[in-house]
Amino acid sequence: MSSWSAATAPTWSGGSGPGCWSRQAERFSHDMTALLHRDPGATAFDDRLQLARLDRDAISRSAAGLAEGYTGFPFG
């Protein structure tokens, strides 16, 4: 078994391991925050774009991926 170190940590573009999972979790958290919370500095266009994204995700068959990312459990 090899030991994990910062020198051998995977980059975002490939690999798997502790670093990859934490970046995926951070990105998912950012995306959910941007989707579900209104930005006080948002323009009217930004608000419409946010609602359009929410509508798309709510009716999309790929929403299973959203549910899986939110709960951490496989969907289906």
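Surface patch, pockets and salt bridges

Reader: Which residues make the nonpolar surface patch of about 270 Å²?

Author: In this predicted model, local features need pLDDT of at least 70 and side-chain atom pairs pLDDT 80 or more, while totals for chains, interfaces and linings use all residues. Residues are numbered from 1 along each chain as its sequence is written, and side-chain values use heavy atoms, without hydrogens or water. A patch takes residues with over 30% relative accessible area (Shrake-Rupley, 1.4 Å probe, only the protein chains shown as cover) and no salt bridge, joining nonpolar side chains (Val, Leu, Ile, Met, Phe, Trp, Tyr) within 5 Å and like charges within 9 Å. The patch of about 270 Å² is made by Leu36, Leu51 and Leu54.

Reader: Is Leu36 buried, partly exposed or exposed?

Author: Leu36 belongs to helix 1, which covers residues 18–36, a helix being a DSSP run (H or I) of at least four residues. Buried means under 20% relative accessible area and exposed over 50%, with partly exposed in between. Because its relative accessibility is 48%, Leu36 counts as partly exposed.

Reader: Which helix gives the most to the lining of the largest pocket?

Author: The largest pocket holds about 430 Å³ of space and is lined by 17 residues, with Phe28, Gly65, Leu66, Glu68 and Gly69 nearest its centre. A pocket is an open set of points on a 1 Å grid where a 1.4 Å probe fits, with protein on both sides within 12 Å along at least five of seven lines, and lining residues have an atom within 4 Å of a point. Helix 1, helix 2 (44–59) and helix 3 (63–71) each supply at least two residues of this lining. With seven residues, the most is given by helix 1.

Reader: Which helix gives the most to the lining of the second largest pocket?

Author: The second largest pocket has a volume of about 160 Å³, and its lining includes Ala34, His37, Asp46 and Arg53. With four residues, the most is given by helix 2.

Reader: With which residue does Arg27 form a salt bridge?

Author: A salt bridge requires a side-chain nitrogen of Lys or Arg within 4 Å of a carboxyl oxygen of Asp or Glu, and the structure holds two. Arg27 and Asp31 are separated by about one helical turn because they stand four residues apart in helix 1. The closest N and O atoms are 3.9 Å apart where Arg27 pairs with Asp31.

Reader: How far apart are the closest N and O atoms of Asp47 and Arg38?

Author: Arg38 is exposed, with a relative accessible area of 51%. Its salt bridge with Asp47 has its closest N and O atoms at a distance of 2.9 Å.

Note on methods: Buried < 20%, exposed > 50% of the residue type's maximum accessible area, 1.4 Å probe, protein only. Points joined across faces, edges and corners; volume = space filled by probe spheres on them.
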